[in-house]
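Dear colleague,

Please find below the structure that I am handing over to you.

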Amino acid sequence: MNYTESVDIWSVGCILGEMIRGSVLFPGSDHIDQWNKIIEQLGTPHAEFMRRLQTTVRNYVENRPRFAGYSFERLFPDVLFPSDSSEHSRLKASQARDLLSKMLVIDPERRISVDEALLHPYINVWYDESEVNAPTPGPYDHSVDEREHTVDQWKELIYSEVMEYELSHSNETLTNNTSNSLAQR
């Protein structure tokens, strides 16, 4: 199986699930133990997926006990979610579970796509077409990662970068609002 965007969807689903739970979703001690944790919670994958696995992997998976998996209501019960959000009244625990159930699908061919996820009701409240279709950022300067920094230095670097971003985007917003205002006259 090759890398596709569905790998990122799985990763984001894991991160979202871990943020909701407040703990690691599939805390395996190695890749085999982690696989076992995944199928215990999500269920044994279907035969179509198994046929696409390498023979040795397929033999291992087929010789493991079969698991039905748990419902997403059990994996992510209501108690893990804040009561109705005043900021986004449309956000519901059921929507988060629905999104997670589409992201945390073992078979990448059956997983939700990036475009579908962006339009999902749980995500759509933050969707901004201008961000999605924005020009790609410039090349990343890895030199900062290659140097040793103290925690305080990292905090300062992150703060500076956020402030720089805010400044550049507030100027962009100001320019756009001024242009729109002049165009309306």
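The buried residues of helix α6 pack against α1, α5 (72-75), α7 (114-119) and α8 (121-124). These buried residues are Ala93, Gln95, Ala96, Arg97, Leu99, Leu100 and Met103. Here, buried means under 20% relative accessible area, exposed means over 50%, and partly exposed lies in between (1.4 Å probe, protein chains only). Helices are DSSP runs of H or I with at least four residues, strands are runs of E with at least two, and both are numbered from the N terminus. A contact means heavy atoms within 4.5 Å.

Please note that this is a predicted model, in which local features need pLDDT of at least 70 and side-chain atom pairs count only at pLDDT 80 or more, while totals for chains, interfaces and linings use all residues. Residues are numbered from 1 along each chain as its sequence is written, and side-chain values use heavy atoms, with hydrogens and water left out.

The overall picture is as follows. The protein chain has 11 helices and 0 strands. Of its 185 residues, 26% are buried. Among contacts with a separation of 6 or more, 62% are between residues 24 or more positions apart.

Helix α1 (residues 5-21) packs with helix α6 (residues 93-103) at an angle of about 145 degrees, and their axes are 9 Å apart. The axes are lines fitted to C-alpha atoms over the stretch in contact, and angles run from 0 to 180 degrees between N-to-C directions. From α1, the residues Ile9, Trp10, Val12, Gly13, Leu16, Gly17 and Ile20 meet Ala96, Leu99, Leu100 and Met103 of α6. Met19 also lies in α1, and with 64% relative accessibility this residue counts as exposed.

I turn next to the charged pairs. A salt bridge is a side-chain nitrogen of Lys or Arg within 4 Å of a carboxyl oxygen of Asp or Glu, and the count by this rule comes to 7. In one of them, Lys37 pairs with Asp33, with the closest N and O atoms 3.8 Å apart. Lys37 and Asp33 are separated by about one helical turn, because they are 4 residues apart in helix α2 (residues 31-42). Lys37 is partly exposed at 25% relative accessibility, and Asp33 is partly exposed at 22%.

Arg52 forms a salt bridge with Glu48 (3.7 Å, N to O). Arg52 also pairs with Glu109, where the closest N and O atoms are 3.4 Å apart. Glu109 lies in the loop between α6 and α7, and Arg52 in the loop between α3 (47-51) and α4 (55-62), so this pair ties together parts that are 57 residues apart in sequence. Through shared partners, salt bridges join Glu48, Arg52, Asp107, Glu109 and Arg110 into one network.

Finally, there is a nonpolar surface patch of about 550 Å², made by Trp154, Leu157, Ile158, Tyr159, Val162 and Met163. Such patches consist of residues with over 30% relative accessible area and no salt bridge, with nonpolar side chains (Val, Leu, Ile, Met, Phe, Trp, Tyr) joined within 5 Å and like charges within 9 Å. Accessible areas come from the Shrake-Rupley method with a 1.4 Å probe, and for residues only the protein chains shown count as cover. Ile158 lies in helix α11 (residues 151-184) and is exposed, with a relative accessible area of 51%. His149, in the loop between α10 (143-146) and α11, is buried at 18%.

Yours sincerely
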